[in-house]
Amino acid sequence: MKKAVFLLMLIVFFSCKKETPVVADSIVKTDTNLALYGNWVGDFVVVDSDSLADETDFMYTNKINLVIKKIEKNKVYGQSIVAGNSRPLLGEITMVNGKPCFILKEPGDRKDDGRFEFAFFNDTIEGKWLVNNKKYPVWERKFKLTKQVFKYNPKLMLPEDGDYIDWFSGRTDSIAPPDEEAQYSEVFRSASDIITKLNASTTLLNESDLKNLKKLELEIIRNTIFARHGYTFKKKSFRQFFDPVDWYIPVTDDMSGKLTLIEQKNIVLLNRFQKYAEDNYDSFGR
């Protein structure tokens, strides 16, 4: 029986060695904590916030990548990547009731810095983030994250059944029929399913591909290039399209040297068309 348990432990250990994850801005060294290393990805959800704050200043749910890079004795080095921000983390690990528990702190030199408190449960990490400075509108967020390996894949596409309405572009249009009181309606811009079919990472686009596209469609096609490379988007209007996508993992805020030649050429063309493109606004029910 002891021999069987020992062999099982060896199999688990070596299978972890083979699946060393790609993590943001780091090369991981193998050690006994390897199973904890990597990209831990999931929803970052508001639990507590300033009731007087303008709710348009933040999103209730963002996608976060909490990276554990290295563990030396009880000291932990990591990184938080969320909403266009990439912050180093430093803290400690302790064992509580046989489970690894972490307290990791962001540097503290920004008003939106805080600390992560979480534990490891059956292949997930679960916990909370607490802000340092309560002048920042969001005071606490919760998260339950799973480990995901990032790998650039130029063939990845947005799902066909996605909601491609820009909820941050709302404006109020008025209709004034003759001799009647004006009626008001909130309208938003939207994208067609062309954004799920046109791949600017694998195909060199030409003018005929883009000439009839709306501005939002050009923006999404261009930003899907960056999403495939794991770019973390600062603008809420972009995050709303990529955060819900399973394959999207934010790993970096720096695209230097990452774009292929096809992607570089397509971005130049997309930017040129986007400069003069227009959008239609329509009414949508939430």
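Eight strands form a closed barrel in the order β1-β2-β3-β4-β5-β6-β7-β8, and their pairing is antiparallel. On average, neighbouring strands of this sheet are turned by 30 degrees against each other, direction ignored. The model is predicted. The points below cover some of the strand pairs and one lysine, K63, which lies in strand β2.

**Pairing of β2 and β3**
- Strand β2 covers residues 61–72 and strand β3 covers residues 75–82; eight bridges join them in the antiparallel sense.

- Strand β4 (residues 85–96) runs antiparallel to strand β5 (residues 99–105), with seven bridges between them.
- P100 in β5 stands opposite M95.
- Two residues lie between the strands in the hairpin of β4 and β5, where N97 takes a positive phi near 55 degrees.
- β5 also pairs with strand β6 (residues 114–121), again in the antiparallel sense, over five bridges.
- E117 in β6 stands opposite I103.

- K63 is buried but has no salt bridge.
- The side chain of K63 does reach a backbone oxygen, that of Y248, at 2.9 Å.
- Leaving aside neighbours within four places in sequence, K63 is in contact with V41, G42, I81, V82, D243, V245, D246, Y248 and P250.

How values were computed. Residues numbered from 1 in each chain as written. Predicted model: local features only at pLDDT ≥ 70, side-chain atom pairs only at ≥ 80, totals over all residues. Heavy atoms only, no water. Pairing = 2+ DSSP bridges. Helix = DSSP H or I, 4+ residues; strand = E, 2+ residues; numbered from the N terminus. Axes fitted to C-alpha atoms, helices over the stretch in contact; angles between N-to-C directions. Buried < 20%, exposed > 50% of the residue type's maximum accessible area, 1.4 Å probe, protein only. Lys, Arg positive; Asp, Glu negative; His and termini not counted. Salt bridge = Lys/Arg side-chain N within 4 Å of Asp/Glu carboxyl O. Polar contact = N/O pair within 3.5 Å; in protein donor to acceptor, adjacent residues only side chain to side chain. Contact = heavy atoms within 4.5 Å.
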